[in-house]
Amino acid sequence: MPPGKPLTTGQIEAQLDDYLEVEFSFLKTVAPAAVLATLKRQEQDYIIDWVKRVASTNIQLAYQFINQAVTALDQLDRRTIEAWALYAMDIYDQRGLHPALAIIQNVERFVKESHERAFGSVLEEEIGILLHFAHGLSGRKLKIESAETAYTDSETVFLPPVTTLLANRNDNFLCYKAMVACLWAQSRFGTFRIPLNEILGQQQHPEKFLPLFHAFESVRLEAGIKRELPGLFRDMVHIKQQLAIAEDDSWLELTRALRSPGATVSDALSMTHQHIMQLVAPSPAVYHGILRPELIEICLRARLEKEKAALRSALIQMADDMQSDVTESDRQSLKFKAKRTEDPAEPDGYRMSITLDDQPLPLPPDIESLLTSIQQDLGDIPDDYLVPAGPGDYDPDYIKEQEADPDEVWQGTYHEDGAFLYKEWDYQRQHYRKNWCAVREKTVGPVYDDFVSKTLSRYSGLIKHLRKTFEAMRDEDKLLKRQVNGDGIDIDALIEALADARDGSEMSDRLFTHMHRAERNIAVIFMVDMSGSTKGWINDAERESLILLSETMESLGDRYAIYGFSGMARKRCEIFKIKSFDENYDNEVKARISGIQPQDYTRMGFAIRHLSHKLNEVAATTRILITISDGKPDDYDNYRGQYGIEDTRRALMEARRDSIHPYCITIDTEAKDYLTYMYGDAGYTVVDEVRKLPLKVSDIYRRLTT
Amino acid sequence: MGTRALKTEEYFIETEPYYESVGDEIAIFEAAYKQKLPILLKGPTGCGKTRFMEYMAWRLKKSIITVSCHDDLTASDLVGRFLIKGGETTWVDGPLARAVRTGAICYLDEIVEARKDTMVVIHPLADDRRVLPIEKLGEIVQARDGFCLAISYNPGYQSVLKDLKQSTRQRFIALQFNYPNSELETGIIIKETGVTPELAAKLVKFAVMTRNLKGSGLEEGASTRLLVHAAKLIGEGVTPVLACHTAIAQALTDDHEMLAAINELSSSLF
């Protein structure tokens, strides 16, 4: 269709008034409309369409966007304009109106930054590779996080979000890699074995001391990297050349001793003391990062204590594993010793192992890495680490990371801490809102009442029937006849073939029987609506359905899990575990089913995304996600009507892309309108009476999987 | 050299296979063999289980019948079956039955892969009865003196379906295999491929890096076998980084990020 005549100021103003809700916002649209009226129709449509999309996020933002977009249209291609608008909306989602307005108002800066991003290396994109890279390097498993500059607290490597110093992307990535290696080297080659923070506190000129020490230490670490990772060292030289960093000869001469394999952090320290008055530290290479002694000290102190306790607890466990009847006094008298085994590959020249009564102890991998970590910090395993934990201070939790209690975290300030973050589709924006839903997993509190037994006795006839039909679906060995190959001879076929041969016809070679095993390899998650609207008999029907379903699933042998979902706005999305794949259908699970309580609202997208993720982790040829619901997606914020339906549909599309089969069982008799749109024609069943739900669910599952 | 076709029970290993002992596994195997006890080899893939069996067969001067188990391997594949010859059915022994009759070593590689019904024939062979029931013939075959049953199993597979049952594992003498220590592994690579000690040491270091990644994205680290492959490629003039990429990284994973990370590790090292 050819573009029509340009819109007049009046026409544009009317459209803008509508999108910008001027009745409430009191924005003046005359001036921008007049500017837009001078454009070609295509350009007008383009900008107005984007104004509409941005307005769905925030009206002020959209208003500013019009004013800037007309100028931007001359300078930028459309892809960049779209990226700019979307970026501003992302920033709005994350940080609110003012930072977003700043993006809209400063299009030049956005262009400059996007240019940098095109040539630079972005941490967000590379973090997966860098993390694996860091884990592959030996020693303590480091985490990676984003920060203003590169540094480490000895457990986490902090890296800047973008690296743009070098001319191309590849080199910038190398720069990241070099940063990771240099910060890793601090742990690996024992930078933290001196109490740096304390030493710094004693200095008269700490501001001179720290850079000089860092420079000397970096020389030592780089030499270590050169020995261990010569390929990476070449990359580091390459980076230095690109940045035209030259080291003068006197510095090279001065630091020669630090390059020898035997040099330790104390050598770097004493050189610092020696030269602090007469030398100014050369500026560090970009990938060296900075030293943060205060953070290292905090981290180190916590770790030392934790690891000591963890090792002492682990010793007890190992002692128990070896002999089952150890008494408390026996435990205390066990003689654990640390032993050094020579290993030239280690920077210390040896690695630590543990012996019990002079016999080497086989160590599980987690204890092995614990020892490595302790050795990295201390260079040895001190004797007081080798005393098995006494009564009372044995706590296996020391070994595991403590997980925060979801209920407590909700109330805290950092309430996104540790939550799963999922994107959400905004149909008006025609784009995802990133990290939009904060999702937490909780477990339904078990209620031990007579609900389960009542249900079982009420439906005992049905359960028997369902079990029978389900059992018929189980894996069956089928004897295939007339096969070319097989375990036995198909006598009928053989006689026929021999008769054929006598007769002069060609003899068939299909003379064998073969036992064929038809394997059902299905994993299914039942996703149960726990919104407030299920209160009362719907909730009862859901719980009854789950009991019947579990009873029958047990006879079928498919792997299944049951999760509930509910939420109150995007910051409080909750998944309730009722039965995970690994759990058996035991009394606890039954009590959890009994304990299912209606919660808040029906936000569905996050639940589908989260559970799809879970399904993907299960090895099965067929994966099914069955939703049991009572109505439309709906939540307290704007997750209602079209928005909720569109996001749910999008989440289902994502699930299908991961070859998950979604299906919906609903009791909403008006569901046809929206469920066809979300699940497709054959993707749902409406159960018209609530009390029939328990009878139907198992039956629907049976039909679905045969 | 022309190819030879031999009956499996006539296959003897004539030249000494290269095998570096890591512990006292040779002595234990010999003791178990003398006492007619079946043997279970545990350990990750490519750490030398099969090579050990070949070495022991050579050492004991016994023929060895190796069966690589797969998920469609049935009891009749091991015991034997009727075939049709000229209008009549004739019985043909399977590899296990041949080993039992001739007194050879039968090595069932990756036993957990086989169908569960194979256990029915393995169990009576693996206890003091040492008999193989052949149901279809109505026979029970007593194993000849030299017969030895060995199975291997990789506990690294975390699948519940691929676990060895207690009733099976408690019949065997178990030998744990692991990757050899760096020094030994370096020696193995040098011996197998003739590369320089420096290169072999670097390859071992690279293997350790990939083994560090086990559990955080990789199912298994690089095995000694893969290192030998890479070293052979390098011996043919392939650059070390490329050799590590094709012989090791690509063999370990299909995941893009992981591949990229492993490549970064190898390019850092060489």
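1. Ground rules. Chains are lettered from A and ligands numbered from 1 in the order in which they are written, and residues are numbered from 1 along each chain as its sequence is written. As this is a predicted model, local features need pLDDT of at least 70 and side-chain atom pairs count only at pLDDT 80 or more, while totals for chains, interfaces and linings use all residues.

2. Confidence. A word on pLDDT: it is the predictor's confidence in each residue, from 0 to 100. Chain A averages 82, with 93% of the residues scoring at least 70. Chain B has a mean of 86, and 95% of its residues reach 70 or more. For the complex, the predictor gives an ipTM of 0.75 and a pTM of 0.67.

3. A stretch to treat with care. Residues 399–403 of chain A stay under 50 in pLDDT, and the model has five contacts for them beyond four places in sequence. Contact here means that the C-beta atoms of two residues, placed from the backbone, lie within 7 Å. Where pLDDT is low, the predicted coordinates should not be read in detail.

4. Where the chains meet. Chain A puts 19 residues into the contact and chain B puts in 26 residues. On the chain A side, helix 9 (123–136), helix 13 (230–242) and helix 22 (491–503) each give two or more residues; helix 9 of chain A gives the most, with six residues. Helices (H or I, at least four residues) and strands (E, at least two) are DSSP runs, numbered from the N terminus. That side of chain A has 11 nonpolar, six polar and two charged residues (Ala, Val, Leu, Ile, Met, Phe, Trp, Tyr, Cys and Pro count as nonpolar, Asp, Glu, Lys and Arg as charged, and the others, Gly among them, as polar).

5. Chain B overall. You'll find 11 helices and nine strands in chain B. Of its 270 residues, 42% are buried; that takes 20 or more other C-beta atoms within 10 Å of a residue's own, with 12 or fewer making it exposed and anything in between partly exposed, C-beta atoms being placed from the backbone.

6. The cores. The largest nonpolar core has 79 residues, and A178(A), M179(A), V180(A), L203(B), L227(B) and A230(B) touch the most other members. Such a core is a set of buried Ala, Val, Leu, Ile, Met, Phe, Trp, Tyr and Cys residues joined through C-beta atoms within 7 Å. Helix 10 (residues 169–188) of chain A supplies the largest share, 12 residues. Another core, of 66 residues, lies apart from it and includes A523(A) and L611(A).

7. A two-faced helix. In helix 15 (residues 265–275) of chain A, the buried residues are V265(A), A268(A), M271(A) and T272(A). They sit on the same side of the helix because they cover an arc of only 125° around the axis, judged by the directions from the helix axis to the C-beta atoms. S266(A), S270(A) and Q274(A) are exposed on the other side. The buried residues pack against helix 12 (206–228) of chain A.

8. T163(A) lies in strand 5 (residues 162–163) of chain A and counts as buried, with 24 C-beta neighbours inside 10 Å. Among the residues that T163(A) touches are G120(A), N172(A) and Y176(A). R517(A), in strand 13 (residues 512–518) of chain A, is partly exposed, with 13 other C-beta atoms within 10 Å.
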